[in-house]
Amino acid sequence: MLQQPISAADLAPRWQDYVIPQDWAHFTAEDHRVWDILFARQVAALGTRIVQPFRDGLDLLDLSRPGVPELAELNARLEPRTGWRTVAVPGLVPDEIFFAMLANRIFPIGNFIRTYEQLDYLDEPDLFHDIFGHVPMLSDPRMARMMERIGRLGTAGIARGEGERMARIYWHSVEFGLSREGGAIKIFGAGLASSFGEFAKALDGADVERRTFSVEAAAATPYENDHMQPLYFINEGVEAVAQAIDALAL
Ligand SMILES: [Fe+2]
């Protein structure tokens, strides 16, 4: 009997291959304590210096309950609002997997949390960054639409050998963007929302550069992910960024 030839597409990893069970019971008492300390400290420090959609999302998702959130419970509140859901993954996933997840309204959550000794600094995103930083904004319908679009554009860009372009736009908005809101500059990006050390520097620091966001300027600006950013782009809010990204060709 003739076998179908195996194509490259059959062998390429799929986003589903990276999903693991959260196994919430494996988190230790210290893990839960670290979440509680990080959460309380970050909410108090950010106050109203973070954009309103983020604050609304924190309330809607009831993230203030003690301990590491259970993803199934989080999804029960998130998915009916915007169709987004979270999945656990072992750690950072390759860009093509990440964008494929976003295109399907799936957000990957690294299934580990920093230790007490690492409260202030961690060189890879843990579940505090992934949940606290990203998930509140995913409850906003405009952000929900924009993140799916980023996933589609990123997937198409990688297929053309231009994945870096979308990665930069993502970095300078979703991760490290600032936003003008009500006459003030506020935190927009998840990398800043979840960082005790960096958000105040981004807002108030004298030794950083702040530029007006545009997708073209962001796409043309490289970044490094292993130290605090020297440059932040200021956007005009989630709807403005979503419209600019909508306007990009696939
Ligand atoms: Fe992130």
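Student: Which ring does Arg33 lie over?
Tutor: A charge counts as sitting over a ring if NZ of Lys or CZ of Arg is within 6 Å of the ring centre and within 35 degrees of the ring normal. Here Arg33 lies over the face of Tyr116, at 4.6 Å from the ring centre. Arg41 lies over the face of Phe196, at 3.9 Å from the ring centre. Before we go on: this is a predicted model, in which local features need pLDDT of at least 70 and side-chain atom pairs count only at pLDDT 80 or more, while totals for chains, interfaces and linings use all residues. Residues are numbered from 1 along each chain as its sequence is written, and side-chain values use heavy atoms, with hydrogens and water left out.

Student: How do I read aromatic pairs, and how many are there in the whole structure?
Tutor: A pair of aromatic rings is described by the distance of the centres and the angle of the planes. Rings of Phe, Tyr and Trp (its six-membered ring) pair if their centres lie within 6.5 Å; planes under 30 degrees apart are stacked, over 60 edge-to-face, and the rest tilted. A search of the whole structure finds 11 such pairs. In one of them, the ring centres of Phe39 and Phe132 are 5.5 Å apart and the planes stand at 90 degrees, so this pair is edge-to-face. Phe39 belongs to helix α2 (residues 29–46) and Phe132 to helix α6, so the pair links parts of the chain 93 residues apart. Helices (H or I, at least four residues) and strands (E, at least two) are DSSP runs, numbered from the N terminus.

Student: Are Phe39 and Phe132 buried or exposed?
Tutor: Buried means under 20% relative accessible area, exposed over 50%, and partly exposed in between (1.4 Å probe, protein chains only). Phe39 is buried at 12%, and Phe132 is buried at 0%. Phe132 also forms an edge-to-face pair with Phe54, 5.4 Å centre to centre with 65 degrees between the planes. Phe54 is buried too. Trp35, Phe39, Phe54, Phe128 and Phe132 form one aromatic cluster.

Student: What about salt bridges: how many does the count come to?
Tutor: Side chains of opposite charge can pair when their charged atoms come close. The rule asks for a side-chain nitrogen of Lys or Arg within 4 Å of a carboxyl oxygen of Asp or Glu, and the count comes to 17. Glu148 and Arg152 meet at 2.9 Å, N to O. They are 4 residues apart in helix α7, so about one helical turn separates them. Glu148 is buried at 18%, whereas Arg152 is partly exposed at 40%. Glu239 and Arg145 form another salt bridge, at 3.6 Å. This pair links helix α12 (residues 238–246) with helix α7 (residues 141–159), 94 residues apart. Asp62, Arg65 and Glu73 are linked in a network of salt bridges.

Student: Which residues lie nearest the centre of the largest pocket?
Tutor: Rolling a probe the size of a water molecule over the atoms shows where empty space is left. On a 1 Å grid over the protein atoms alone, a pocket is an open set of points where a 1.4 Å probe fits, with protein on both sides within 12 Å along at least five of seven lines; lining residues have an atom within 4 Å of a point. The largest pocket is lined by 39 residues, with Pro125, His129, Trp171, Glu175 and Phe176 nearest its centre.
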